[in-house]
Amino acid sequence: MSIFEHIKSDREAGTRTPWRMSTVKTSCGVCHKIGPFKYNNGKETDACVYEDYPWTTPSKMSEPEANARRIARVPQLERIALAAEALLNSIEVGFDEHGGWLPNEAIDALREACE
């Protein structure tokens, strides 16, 4: 199975909406929340990347916060990857049945995915 097939399969089974990332305080640090996700009873929840006592480090973005932001970008990055795959496939085919240059449509889809 190719990476693109894995992405398509996971997107079909996973959350279909964009994810957000926010940070909330906990009793011993912060939770970098990523979501929303639906779970067993259909309610929404978030995944958390926990960071204990971040205030003891210099005031800059921490590695856990940066990783949470990266995770939150996955749905958009998947759209970009699939649009790039479509562009590659359209270049191989070249023209549609009406003589239209297929990569133009794929390029537009890639641009949209990158917004």
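How do β2 and β3 pair, and over how many bridges?

1. **The opening question.** This is a predicted model, so please read each point below as a description of that model. In it, β2 and β3 pair in the antiparallel sense, and 8 bridges join them. Two places to look at are V30, whose bridge partner in β3 is E51, and K38, which stands opposite E44 in β3.

2. **The whole sheet.** Now widen the view. The sheet is open and has 3 strands, in the order β1-β2-β3, with antiparallel pairing. β1 (20-26) and β3 stand at the edges with a single partner strand each, so one side of each is left without a neighbour in the sheet. From one strand to the next, the twist averages 30°. Between β1 and β2, which run antiparallel, there are 7 bridges. On that side, M21 stands opposite I34 in β2, and V24 stands opposite C31 in β2.

3. **Two hairpins.** Follow the chain from strand to strand. β1 and β2 form a hairpin with 2 residues between them. The hairpin of β2 and β3 has 5 residues between the strands, and there G42 takes a positive phi near 85°.

4. **What covers the strands.** Helix α2 (residues 63-72) lies across β1, β2 and β3, and runs at about 10° to β2. As for β2, this strand is mostly covered, with 7 of its 10 residues buried.

5. **The disulfide.** A disulfide is a covalent bond between the sulfur atoms of two cysteines. The structure holds 1 disulfide. Its partners are C31 and C48, with their sulfur atoms 2.0 Å apart. C31 lies in strand β2 (residues 29-38) and C48 in strand β3 (residues 44-52), so the bond ties together parts that are 17 residues apart in sequence. The torsion about the S-S bond is about -85°, so this disulfide is left-handed. Another cysteine, C28, counts as partly exposed at 27% relative accessibility.

6. **A buried histidine.** H32 is also worth a visit. This residue sits in strand β2 and is buried, with a relative accessible area of 2%. Which side chains make polar contacts with the side chain of H32? One is the side chain of T23, at 2.8 Å, and another is the side chain of E51, also at 2.8 Å. Leaving out residues up to four places away in sequence, H32 touches a list of residues that includes M21, A47, C48, V49, P64 and A68. The C-alpha atoms of A66 and H32 are separated by 9.5 Å, although the two residues are 34 apart along the chain.

7. **Salt bridges.** The structure holds 7 salt bridges. In one of them, the side chains of K8 and E85 meet at 3.1 Å, N to O. This pair links distant parts of the chain, with K8 in helix α1 (residues 3-13) and E85 in helix α3 (residues 74-93), 77 residues apart. K8 is partly exposed, with a relative accessible area of 43%, while E85 is buried at 14%. R20 is partly exposed at 43%, and D46 is partly exposed at 21%.

8. R111 forms a salt bridge with D108, and their closest N and O atoms are 3.7 Å apart. Both lie in helix α4 (residues 102-113), 3 residues apart, which is about one turn of the helix. At 56% relative accessibility R111 counts as exposed, while D108 is partly exposed at 47%. Elsewhere, salt bridges that share partners join R20, K33 and D46 into one network.

Conventions:
Residues numbered from 1 in each chain as written. Predicted model: local features only at pLDDT ≥ 70, side-chain atom pairs only at ≥ 80, totals over all residues. Heavy atoms only, no water. Disulfide = S-S within 2.5 Å. Helix = DSSP H or I, 4+ residues; strand = E, 2+ residues; numbered from the N terminus. Buried < 20%, exposed > 50% of the residue type's maximum accessible area, 1.4 Å probe, protein only. Pairing = 2+ DSSP bridges. Polar contact = N/O pair within 3.5 Å; in protein donor to acceptor, adjacent residues only side chain to side chain. Contact = heavy atoms within 4.5 Å. Axes fitted to C-alpha atoms, helices over the stretch in contact; angles between N-to-C directions. Salt bridge = Lys/Arg side-chain N within 4 Å of Asp/Glu carboxyl O.
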